[in-house]
Amino acid sequence: MILQGFGTSGALYVIDATPLGDVAWESFSLKYNGDKPAGECPLWMEQSHEVWFRDPHTVVKNMLANPDFKGGIDYMPYREFQEKDEQCRYKDFMSGDWAWQQADQIAQDPQTHGAAFVPIIVGSDKTTVSVATGQNDYYPLYLSIGNVHNNVRRAHRNALALVGFLAIPKTEKRNTDELGYRKFKKQLFHSSLSRIFANLKPGMTTPEVTRCGDRHYRRIIYGLGPYIADYEEQVVLACMVKDWCGRCLAFPSSLDEGGVSRSREHTDALVDSIDFGILWDEYGIIGELVPFTNDFPRADIHELLAPDILHQLIKGTFKDHLVEWVGQYLELTHGKTRAKAILDDIDRRIASAPPFPGLRRFPQGRGFSQWTGDDSKALMKVYLPAIEGHVPDDMVRAFRALLEFCYIVRANVVTDDTLAALKDALGRFHTYRTIFQTTGVHFDISLPRQHSLIHYELLIRMFGAPNGLCSSITESKHIKAVKQPWRRSSKYNALSQMLLTNQRLDKVAAARVDFTTHGMLKGSCAFSYYNSFVENPSYIDNDDGDPEVQPNPAHAGSNPFAIESDDFDDVEDQGVVDDVDVIADVQLARTFHELDIPSFPTLIRLFLYDQIHADNHHSSADVPLRNCPSYTGPIKIFHSAAATFIAPSDPSGITGMRREHIRVVPSWRKGSARFDCAFVNTDNRHDGMLSMDVVRIFCFFSFTFTNSHTYPCALVQWFHRIAEERDELTGMWMVALSFNEDGSRDLSIIHIDSIIRGAHLLPIFGTQLVPRGLRFYDSLDVYRGFYVNRFIDHHAFELAS
């Protein structure tokens, strides 16, 4: 960032001088203080481990005082019910039962009665910034508060703060497997957290008066909330043995049979009364370790382990388990050579998926080693039809059940009906996954990540919708807080530079919020004065005698079409929306003959009749063509349109709005043509897919008729539903291209207002092999039957159910 009127060094001086959002970095060192062996000590016993942190108390107070969160924060727990059926709605964190129970405990103490409860949400995750230049690992620690709404936390908006870098102890290779060293690393982790959050402890029993973002002062009481971590870190947090569950006492050999819930009181009683060896073998407890939560009131680490959609479901159960098991099944059944040929066809099926906004492509299939969370999410969207016909039907059903479970738990709002659907999907998954046992692929399916699915119903009731606590939030924060600052550093003593960069970024963010609140970012005084005359030259006086600006007619209307740019990739062809402005880039055609569609004059006449006589009970299909108005004037051709819709369960703006581009171009990225598909509203009497049809759009255009009315339109080909219900195997609707009796395409012109959003179709492959050389942009032309991909995103999952 370069401030106007300052050089780079001058801008940094201004940032360093501002007190807004300033929380200084501090450090402390920890060292092993136990018994040491005689003679030479292992390196880890002699080393001092440095931990950097920022005062979490100050960070939390800054969050509470942030006016940017006004309207997106809850200061008290609540329970919300639907009017029509009185079902409980679980949404943001404070709608869960856990916050309510904590508030009840706080209210029982006369000293804390009436104080607003502020849960401290913590998350940590190791990350590697570079492998090529050596193993550069960092261990960032993040903090948020449970009061802010989930959409605010997911969008970051300064609601997730970097508060520390934990130490990563290292030793000689000969000592890495020593039990003592492994226990030391875990206790170092807990001791560091206890030290970092010590400043918050007084505020957990004695309320303090704090200024909030709405400019009101409140009595605040703090408490440790959920901890966001993957399974490996949950093992460390719960001080338990690997392969055990941190939430219940189910045995590793039969995890899904469940067990008694773990609790702090029960664990402490076992540690005090049972031999540590028995604790290890029969309870999965490492008795020598003490969780950091034991140093704080009302905190139970077993209760506070957050659900983790990314690592437990997407990367764990889906990618690391089921997808890998499919490869093993094919090898067991067909042998290595034939299995590789089938996997190649599966890869070609995946690569042939038509383009769609936000869809990550797999041009060479999924055969690469470095998988990210985004890769696994992308594979989930297109994997189901790719394996159909190559694996037993029950394997497909197992995948379908898991995908439905994943999409249900990602919902922005969860109701009792949603929980019932979640339970049904889990039951079907447990039923159909046994196919991997009966086929000899994997006899042991008692796995911690799959076992975690049985806890999701309880966790949703406790903490609200899980999408506000997923580790994908902290992993995406790595980019801004760790990886980008590291890349900007000189790589020498990089951590100190990264700390300063983060401190400056927080100051700039805080200054921006403060300046916005005071109306300082609406342009300079001279700029505003200039705009008042150039853009709005007319003034009138209102009743108070103050000048009031007349709206500029040039900006009165909004264009339904979106800007066209060759720089858009599928992944970047969509995004979050904090406003609803839509910009158009227009190409003007002289006449409709340039479209090279002979039936276009007839189609436009039929369209005009339906638009002009929209209130009549009959349509253009009921009248002779000669009764339909004709049009031979100019039209404007557009290559894309922007669909803006509410999709709070997907990445979206703080208002839940999301935008995607529907592309209709004769040459996409200097290659072949691209004509996207869309959902069109056709029958308001029904819900879901029965209220819509799917079309393929060949042209966006607009024209002005003699009545001076401008019609934004789309030329489309219709699809028809193959059946009036979803496919039993994949859970997706099936459609096929529609043709007229003479074999010509079933084309129509529709008003753009009838388009809901883009639709993604996947070919129905069956047992047919994909031809080599088939390109993804040809799939919609080569195949005739398609699945309506309800797994392309969560909004489509709900829409096409």
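Two strands count as paired here if DSSP finds at least two bridges between them. Helices (H or I, at least four residues) and strands (E, at least two) are DSSP runs, numbered from the N terminus. This is a predicted model, so local features need pLDDT of at least 70 and side-chain atom pairs count only at pLDDT 80 or more, while totals for chains, interfaces and linings use all residues. Residues are numbered from 1 along each chain as its sequence is written, and side-chain values use heavy atoms, with hydrogens and water left out.

Let's start with the sheet. Seven strands form an open sheet with mixed pairing, in the order β1-β2-β9-β8-β5-β11-β10. β1 (25-31) and β10 (208-211) sit at the edges with a single partner strand each, so one side of each has no neighbour in the sheet. From one strand to the next, the twist averages 35°; axes are lines fitted to C-alpha atoms, for helices over the stretch in contact, and angles run from 0 to 180 degrees between N-to-C directions.

Now look at β8 (residues 140-145) and β9 (residues 161-165), an antiparallel pair with four bridges. Here Tyr142 stands opposite Leu162 in β9. Helix α19 (residues 494-517) packs on this sheet, touching β1, β2 (48-54) and β9, where contact means heavy atoms within 4.5 Å. The direction of α19 makes about 10° with that of β2.

Next, have a look at both ends of helix α9 (residues 276-283). Asp275 caps its N-terminal end, with a side-chain oxygen 2.9 Å from the backbone nitrogen of Gly277. Just after α9 comes Gly284, with a positive phi of about 65°.

Further along, Ser620 turns up in the loop between α21 (600-612) and β17 (635-638). Is Ser620 buried or exposed? With 10% relative accessibility, Ser620 is counted as buried; the cut-offs are under 20% relative accessible area for buried, over 50% for exposed and partly exposed in between (1.4 Å probe, protein chains only). Neighbours within four places in sequence aside, Ser620 touches Leu606, Tyr609 and Asp610.

Finally, there's β19 (residues 657-665), where nine of nine residues are buried. Both of its faces are covered: one side has Met657, Arg659, His661, Arg663 and Val665, and the other has Arg658, Glu660, Ile662 and Val664. β19 pairs antiparallel with β18 (residues 640-646) over seven bridges, and Ile646 has Met657 of β19 as its bridge partner. β19 also runs antiparallel to β20 (residues 674-675), with two bridges; there, Val664 is partnered by Phe675 in β20.

Notes: Polar contact = N/O pair within 3.5 Å; in protein donor to acceptor, adjacent residues only side chain to side chain.
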